Structure formats: C-alpha cells, structure tokens
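The questions below go through one structure, contact by contact. Each answer ends on the item asked for.

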Amino acid sequence: MTDLEQSADVVIIGAGPAGAVAGALLKRKGYRVVILEKQTFPRFSIGESLLPQCMAFIEQAGMLDAVRAAGFQYKNGAAFRYQEQYSFFDFREKFTPGWGTTFQVQRGNFDKILADSAAEQGVSIHYQHEITAVDNRDDGVTVSGLDATGKPFSLEGRFLLDASGFGRVLPRLLALESPSGFPLRHSLFTHVVDHIGDEQHDRNKILVTIHPQHRDVWYWLIPFGNGTCSLGVVAEPSFFERYSELKPEARLRTLVQQDPALSQLLANAEFNQPVREIHGYAANVSSLCGPGYALLGNAGEFLDPVFSSGVTIALKSASLAAEVLDRQLSGDAVDWQQDYAKPLKKGVDVFRVFVESWYDGRFQDAIFYDSANVNIRKMISSILAGYAWDQANPFVSQAERRLNAIVEICRG
C-alpha cells in the first residue's frame, strides 16, 4: 500500500461495487481518484445474485474480462415458488434491449475483483482507513480519519462520493438519515454445501420461495458454481421472535423445514458456515447530494433484497454520478438534484412499486398467473432483469397503474 495522497480530484468512501466502478470510470476520464475503504478485501457481503443490467456498467468500467474470467455461476433468470405453484422468468426474453444474462457471485471475491481492476487502471485504493469527519463545501471537501495503525490522516478533494454501502458514512456524519417508509424486516442467511440432487433444479436462476402459510415471508436460494449456495429467509421481526429461543442455525433450519419443496431440495445440505443476521436494513436519506458530495447505492437508499436490485442501483448510481461529476470538473454548470438524484430515483421508485406489491400480494398474483400475455411478461422480465430506467417500458413509465391493471385481470 502506498502512502496516502494529500489531495485528489475525487475522493470515494468505500471500495465496493459502486466505489470501484465510479473510481474506474472517473480515472478513465483522466481524474486523480482516491478510494478510502474501512475494511480489507475480500470480505463477506450479501447481494449475491446480480441482474443483467449490471453487466453494462461493469463493461463500461473496463472490468468485464476480469469478471468473466472468475468462473462465477452463470445466471439467466429468476424462479418463484409458492406451495404447488412455480413460475420463472428468462431474462433473455425481455422487452428492453441489452444484456440478458449475468452471474451469481460470492461477493467477497466479486468485490475484490472489481476493486483490483480499478486499482490496475490507476485508482489509488487505501484499505483499513476509517472516516471520522468530513468538511464539505461547494468548492471541495476535507476528509479526515484514522489509518490502519491508528494514525490520523487528512485528504483534500474537489468532490466526495460516498459508496460506503450499509456503513452509510456521510448519512451518519452529516445527519442525513431519514425513515425508509418500509416496515422493518430482518434476514437470516448463510452459505451451505447444497448437495442438490434434483436434476430439475435450475442452477442458472435464483429461486425465491414464498412461505406456505405466510406470504410476506420468503426464502432465497442462490446457487454458486462450486456446489454451494446462498440461503436466506426474510421476514418481519415479529415472525422471527417466535423462534427466539433457537440459535441462528437451528432457527434457519427450522424455517427451511416449514416449506416442503425447499426442505426436500436441501435435504442433504451441509451448514458449514456461521448463520448471520441483518436487522432493519431498509434505509433512506433526506438528500442524495449536497455541497461537494453525492451518495451512491446503499449509502443513499436500500429498499429490500427480494428482487436483488441493490447492486444494480449501486452501479447505476456510480455511472450516473461519474457522468455528472465529469461535466462539473470540466467546468460545466450542473444541478446534482436534477441531473443525478431525480434520474436515479426514477428507477429506484419503479423497484419500490414492485417491492411494495410483492409484500401486499399483488405482484405475487401476477407472477403465478398462468394465462399472462407474452409481451407483458417480457416487460416484467425487463424490470426483474434490472432495466428499471427504461421509460419505453410501460411497466416503468406507469409502474403502479400498469401493475394494478394486470393484477385486476389476474384476480378477476
């Protein structure tokens, strides 16, 4: 690791996907970029089932060859199961042009590949650097903190991007936190050696299973390329409280047993890693931008893991912010609220409609409707594939109205 620079054009907090991609995009435009990361890589993270929209941003940042070479599990869609009902979407059969396939990734390896690629392109990354204070101004920022040895550091920048994810550095330091509007939900998850022997199981798709008695409780199963998978369950805290006397692994095993199909699929699974928990992960902020800074990805807002939208939103924000920041640093007048926050929020709000309708049952009814119009399914497939900013798609431009219309047909 090199000594920390005294100044940079752009300072980025966090070396995860948003930070690495934003750093590479800005470096490719000729700017001096420094990323400050609190942890060391690789490190564990969830958000392991990418959406095809991600691939365009990875390609834009010059990281596609490195990701392809890693041997991650190929992914071409999403499957849903509720009791005896089963439905799937093939992302190659979608309304919006663009990538129709992607990967399911162990995030520790994936994030390190992106960060290493950014470093190879000339981005300066400093690990084990914790941010303790930020002085933000219209004409720049001063970032202060402690390095790996506990020694104080200070770094000047022309602009600051916060890509700290669930660490949410700027929202905490600048008092930007605001209620998310979503009910509190928790998740319980781990990686298992799955030993799935069912030849009908499609490892090229994430499997989302709805609890047979509680439709607001759901499980994810994300196969990886090495015979393992990510397994998790999401529910409101009151649901988990019923099993509070059980240790995390026993609790997760018990909940898996409650769904016959999932239980049978994982009958021989080995729980060889600790079961982890995340509590109340939904988050929001009062503003995505301000004097001298902008928030990327989960640092700004996180909705819910049900449609795996987190990394897609993070990479979209990185690409959009890099474009706006390039214009600003080149001397153009920009309006971060109009040029960055509003365009980003359009897609986030589309995902929000589908997340809300998932939990109230509307979208679940649409997914399992067995007489759905082929073109409508392609439009929905596009959103599930991450193309939530395609205004040509009626289910993007008029998400709530179009969704309610097909739900009325499904329930009619």
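Q: Leaving aside its neighbours within four places in sequence, which residues is Ser308 in contact with?
A: The model is predicted, and Ser308 sits in the loop between β19 (293–295) and α9. Once neighbours within four places in sequence are set aside, the contacts of Ser308 are Ser49, Leu51 and Ile206.

Q: Does Ser308 count as buried or exposed?
A: Buried means under 20% relative accessible area. Ser308 has 15% relative accessibility, so the class is buried.

Q: In β14, what is the bridge partner of Thr209?
A: Strand β13 (residues 205–210) and strand β14 (residues 218–223) run antiparallel and are joined by four bridges. For Thr209, the partner in β14 is Tyr219.

Q: How many bridges join β12 to β15?
A: Strands of a sheet pair through backbone hydrogen bonds, in parallel or antiparallel fashion. β12 and β15 run antiparallel, and Leu188 has Val233 as its bridge partner in β15. The number of bridges joining β12 to β15 is eight.

Q: In β16, what is the bridge partner of Phe189?
A: β12 is also joined to β16, by four bridges, and the two run antiparallel. The partner of Phe189 in β16 is Arg276.

Q: At roughly what angle do the axes of α1 and α4 cross?
A: Two packed helices are described by the angle between their axes and the distance between the axes. The axes of helix α1 (residues 17–28) and helix α4 (residues 107–120) come within 8 Å. Their crossing is left-handed, and its angle is roughly 20°.

Q: Which residues of α1 make the contact with α4?
A: On the α4 side the contact uses Arg107, Phe110, Asp111, Leu114, Ala115 and Ala118. The residues of the contact divide into eight nonpolar, no polar and two charged. On the α1 side they are Pro17, Ala20, Val21 and Ala24.

Q: Why are α1 and α9 described as roughly parallel to each other?
A: Angles under 35 degrees count as roughly parallel. The axes of α1 and helix α9 (residues 310–329) come within 8 Å. α1 and α9 are therefore roughly parallel, with a crossing angle of roughly 30°.

Q: How many nonpolar residues does the contact of α1 with α9 have?
A: Pro17, Ala18, Val21, Ala22, Leu25 and Leu26 of α1 meet Val311, Ala314, Leu315, Ala318, Ser319, Ala322 and Leu325 of α9. By class, this contact has no charged residues and one polar residue, and the nonpolar residues number twelve.

Definitions and conventions: Residues numbered from 1 in each chain as written. Predicted model: local features only at pLDDT ≥ 70, side-chain atom pairs only at ≥ 80, totals over all residues. Heavy atoms only, no water. Axes fitted to C-alpha atoms, helices over the stretch in contact; angles between N-to-C directions. Left-handed = near helix turned anticlockwise from the far one by under 90°. Contact = heavy atoms within 4.5 Å. Nonpolar A, V, L, I, M, F, W, Y, C, P; charged D, E, K, R; others polar. Pairing = 2+ DSSP bridges. Parallel < 35°, antiparallel > 145°, perpendicular 65-115°, else oblique. Buried < 20%, exposed > 50% of the residue type's maximum accessible area, 1.4 Å probe, protein only.
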